[in-house]
Protein chains: 2
Amino acid sequence: MSSNRTMDYRSAGVDLERAESEKRGFRSLLAATKDRLTLSDLGVFGGLYAVPDDVPDPVLVSSADGVGTKLRVAFLSGRHGSVGQDIVNHCVNDILVQGARPLFFMDYLATGRLEEGIVHQVVEGVAAACQANQCALLGGETAQMPGFYADGEYDLAGFIVGIVSRGDILSGADAQPGDALIGLPSSGLHTNGYSLARRILFDTAGLKVDDAFPRLDETVAEVLLRVHRSYLMTLTPEIRRGSLLGLAHITGGGLPGNIPRSLPDGLGARILKESWEVPQPFEVLRELGGVEESEMYRAFNMGVGMVAIVSADQAAGVVARLRESGEDAWELGEVVEGAGVRLV
Amino acid sequence: MSSNRTMDYRSAGVDLERAESEKRGFRSLLAATKDRLTLSDLGVFGGLYAVPDDVPDPVLVSSADGVGTKLRVAFLSGRHGSVGQDIVNHCVNDILVQGARPLFFMDYLATGRLEEGIVHQVVEGVAAACQANQCALLGGETAQMPGFYADGEYDLAGFIVGIVSRGDILSGADAQPGDALIGLPSSGLHTNGYSLARRILFDTAGLKVDDAFPRLDETVAEVLLRVHRSYLMTLTPEIRRGSLLGLAHITGGGLPGNIPRSLPDGLGARILKESWEVPQPFEVLRELGGVEESEMYRAFNMGVGMVAIVSADQAAGVVARLRESGEDAWELGEVVEGAGVRLV
């Protein structure tokens, strides 16, 4: 029961000093996202955020998400800010679907050995996206887990809390056959399909992150790291106006997997594939990988990042207003009898 | 731009069918934690939870946490339920420190390949602890990240939201020199110091998870996987009574790292080491690893899971009531002038 070796926490791979210095670096990033309801600073056990008093019958809307293997592209290219924005925007969209506006966000970043530059880049991206979405970065956890992650690698998750008045919750429950589906463009793959995309581009096609992406004036890294868009600013005017019956955020599972989540049982969707041009990155992936079309629509968003459900007589007005605001929206299909999503 | 190989998402390591079947398995686990304020079921984009209407001037208290490399012990022993409980209890304690009671919890579980038994065990643990803490399991994310995690391994994070009335927030801000510090026992290492503990037990001492833990009637796995205690039920009566000035959850950084988080600037703590017997697991780790005493108190909780700050004249009453309720509380020190924690 004795040993002539002495051991400390740092030799076991955990550096408490560096964790403290890292935390100090976060302080100003968090401070920039504070609003009048943020009641705490970094360092408290739990972050404090006052419930807004201007929302009648308030309901909290919350979501947890990850960035998935898009992170691998960040590792390969050494660019770590965009995944920080991705995770915030992904979470913002997930609660926007129920009509909620964001209150605050927390991140979880787990790594093997803390590399200050990398962690700081990620949290900078998180903080920038929080500011853009008028959402407080209330806190988070940076975990040092030696042996779990290779040097320079990490996992990243996000948690968001938003608020909506009970009477304003969007659920799609009132959708009926004949209602219109309006598509909003994605900026790229957003955060889905990266395991398949990496397999195709890196393993099958033998491309590197700095190579030109086929047919595009961007590198592979630039295309794959395009930031997951937030639809908050674009859709908030329509939500306030009450013109939407429901929304579907097109994430894992694609259009077929996500539209049904916002429709009543027994209803489905008819999607007109010719109503939009599938962006080049998806066409390239399909061709290089020889991926079947149905699989493409399940693995990727195919250029559609968000779908709004509106009554048929509102459709033209919603599309017109969105287009006027600079959003390239279009009617992409309709609600039909019978479950499932048919691509025609 | 063509290929004679066809590729699909499953061959790239992501199994959407299994993810769906896994989700169905979670449904009943979540349902068991629902309360009257839980307005959503699994499958929605964001979980819905009504703000309680019986809390005047309500403030949300939120925390994000991980289990750290305690997970490695779960992997080695094939027991995955207790880490699910750990992450919930850890989060519950972190917001209890500010006087909050939990409303809802979300988990993030990331794995390489979904192994249904393992993920289900973890979420069962999460759901059981949510029930025990009267907290709704509102949702979560199970991420399939091929290549990020070895088979059978995963990372686990938790996110909690609780509520407290603004006037009832515990902050320690009113603590003064002479106030008493009351210790509440931990059940074991809780979720801190595992990188060092594993290094000592497995690498230096050559023990296996199924070996007897030195001096104890438990195996190494049993000792290391003891569940991180929740102090919610124990401390809620004292919080309601208004007898506490502040609380400190003893996590990473130990007593020296955590007590100052709940004291005003310029005040510190004098801890009487002889006021309690350091539990055997810590003594064994110190001896086997030859770890210096100061390092032990920074890496481990040393038997103290939570510290309450109370005015000197309240101390005896608080200790007596806690003991009456079955909690082995004791006076472990006092608040003193001057920053820092002195162990005497």
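Strand β1 (residues 47–50) of chain A and β2(B) run antiparallel and are joined by 4 bridges; strands pair if DSSP finds at least two bridges between them. This is a predicted model, in which local features need pLDDT of at least 70, side-chain atom pairs count only at pLDDT 80 or more, and totals for chains, interfaces and linings use all residues. Residues are numbered from 1 along each chain as its sequence is written, while chains are lettered from A and ligands numbered from 1 in the order in which they are written.

**Contact between chains A and B**

- Within the strand pairing, A:G47 stands opposite B:S62 in β2(B).
- Chain B and chain A each give 77 residues to their contact, where contact requires C-beta atoms, placed from the backbone, to lie within 7 Å.
- On the side of chain B that touches chain A, strand β2 (residues 58–66) of chain B gives the most, with 9 residues; strands (E, at least two residues) and helices (H or I, at least four) are DSSP runs, numbered from the N terminus.
- That side of chain B comprises 40 nonpolar, 23 polar and 14 charged residues, with Ala, Val, Leu, Ile, Met, Phe, Trp, Tyr, Cys and Pro counted as nonpolar, Asp, Glu, Lys and Arg as charged, and the others, Gly among them, as polar.

**Domains of chain A**

- Chain A is divided into domain 1 (16–168) and domain 2 (180–343), with bounds from an automatic or database domain assignment.
- The contact between these domains takes 23 residues from domain 1 of chain A and 22 residues from domain 2 of chain A.
- α2 (70–77) and α3 (81–96) of chain A each supply at least two residues of the side of domain 1 that touches domain 2, and α3(A) gives the most, with 9 residues.
- By class, this side of domain 1 of chain A has 8 nonpolar, 10 polar and 5 charged residues.

Definitions and conventions
Contact = placed C-beta atoms within 7 Å.
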